[in-house]
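Please examine the model shown below.

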Amino acid sequence: MAAAVSALSSLGVPEADVGVRRGRDRAGRGSRLLPGLLPECGSLQSEEEEEEEQAEPGPAAAKAAEQRREERLRRFRELHMKRYEACKLNSQEVVEEDKRLKLPPNWEAKKARLEWELQVQEKKKECAARGEDYERVKLLEVSAEDAERWERKKKKKNPDLGFSDYAAAQLRQYQRLTRQIKPDLEQYEKLKEQHGEALYPTSNSLLHGTHVPSKEGVDRMVADLEKQIEKREKYSRRRPYNDDADIDYINERNAKFNQKAERFYGKYTAEIKQNLERGTAV
């Protein structure tokens with residue numbers, strides 16, 4: 001090799017050109033020997049560059065990741081607040097339900113009644129302050145439909161006004177039973193022809209033992225009495241029971257008797273009862 005270089009230099013070729021040509025010859029020989037080595041080295045270098053770029057993200061990717069993280073944290077906080085609010089509302093509802101269960105069964109009706117009474121008292125005070133009649137002011141607030149409905153109720157025959165005394169209850173039942181009677185006009189005409197003026201008794205008439213009822217009439221009376229007995233057995237009015245009331249009875253029958261006595265004579269014996277309870281009775 002040295003002899004060849006010296007020969008070329010003797011021919012006038014510089015040593016630098018000889019070195020360049022020597023390098024080109026080596027590269028050419030290498031490319032002829034391994035034709036696929038250089039492309040593979042280029043692909044490996046590009047993959048390494050891509051991995052380095054992925055391993056070292058830019059500022060835009062870091063900002064996007066930070067935004068996604070903040071969004072997840074915000075949604076987590078919202079879910080936590082919703083869970084806390086649901087637990088709070090559930091606890092409040094449990095407390096309210098417990099209060100409602102401890103109240104008496106007719107508490108809503110009593111509350112509405114008390115509120116209505118308070119409103120009536122306030123309106124009466126306002127009318128008294130203005131010098132107006134409360135009844136006239138109340139009638140001005142009544143609509144025509146309500147007035148007509150109340151008039152129809154007043155005109156209704158034998159209205160149920162509640163229990164006042166046994167005489168009123170007996171009269172009401174008598175009126176109800178007499179409305180159910182269906183007169184037999186044919187039998188009436190026969191009796192009228194048979195007895196004449198005696199059919200219409202006066203203070204001097206003697207009717208005992210003169211009238212004998214027919215078998216059909218007796219059967220109707222028996223059927224009506226059995227119907228009344230059956231209806232009376234099925235009838236049961238709900239009565240409120242107060243747990244806080246004083247126990248002044250020994251059995252259920254005695255309790256009903258005490259209630260009847262209290263209804264009729266309670267206002268007369270209230271002071272005596274209070275004196276006995278306080279121990280100040282004379």
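In the second largest pocket, helix α10 supplies the largest share of the lining, 8 residues. Residues are numbered from 1 along each chain as its sequence is written, and side-chain values use heavy atoms, with hydrogens and water left out. This is a predicted model, in which local features need pLDDT of at least 70, side-chain atom pairs count only at pLDDT 80 or more, and totals for chains, interfaces and linings use all residues.

This second largest pocket is lined by 29 residues, and nearest its centre lie Ile-181, His-211, Pro-213, Gly-217 and Arg-220. Two or more lining residues come from each of α8 (166-179), α9 (185-195) and α10 (215-234). A pocket is an open set of points on a 1 Å grid over the protein atoms alone where a 1.4 Å probe fits, with protein on both sides within 12 Å along at least five of seven lines; lining residues have an atom within 4 Å of a point. The space in the second largest pocket is about 1200 Å³, a volume being the space filled by probe spheres set on the points.

The protein chain as a whole has 11 helices and 0 strands, where helices (H or I, at least four residues) and strands (E, at least two) are DSSP runs numbered from the N terminus. Of its 282 residues, 4% count as buried; buried means under 20% relative accessible area, exposed over 50%, and partly exposed in between (1.4 Å probe, protein chains only).

On the surface, Tyr-166, Phe-264, Tyr-265 and Tyr-268 form a nonpolar patch with about 490 Å² of accessible area together. Such patches join nonpolar side chains (Val, Leu, Ile, Met, Phe, Trp, Tyr) within 5 Å, from residues with over 30% relative accessible area and no salt bridge. Helix α11 (residues 252-278) contributes the most, 3 residues. Tyr-265 belongs to helix α11 and is exposed, at 53% relative accessible area.

The salt bridges, each a side-chain nitrogen of Lys or Arg within 4 Å of a carboxyl oxygen of Asp or Glu, come to 12. Within helix α4 (residues 59-102), Arg-69 and Glu-66 are 3 residues apart, about one turn, and their closest N and O atoms are 3.8 Å apart. Lys-123 pairs with Glu-141 at 3.7 Å between the closest N and O atoms. Lys-123 lies in helix α5 (residues 107-130) and Glu-141 in the loop between α6 (134-140) and α7 (144-155), so this pair ties together parts 18 residues apart in sequence.

Methods: Patch = residues over 30% accessible without salt bridge, like charges linked within 9 Å, V, L, I, M, F, W, Y side chains within 5 Å. Areas by Shrake-Rupley, 256 points an atom, 1.4 Å probe, with all protein chains shown as cover.
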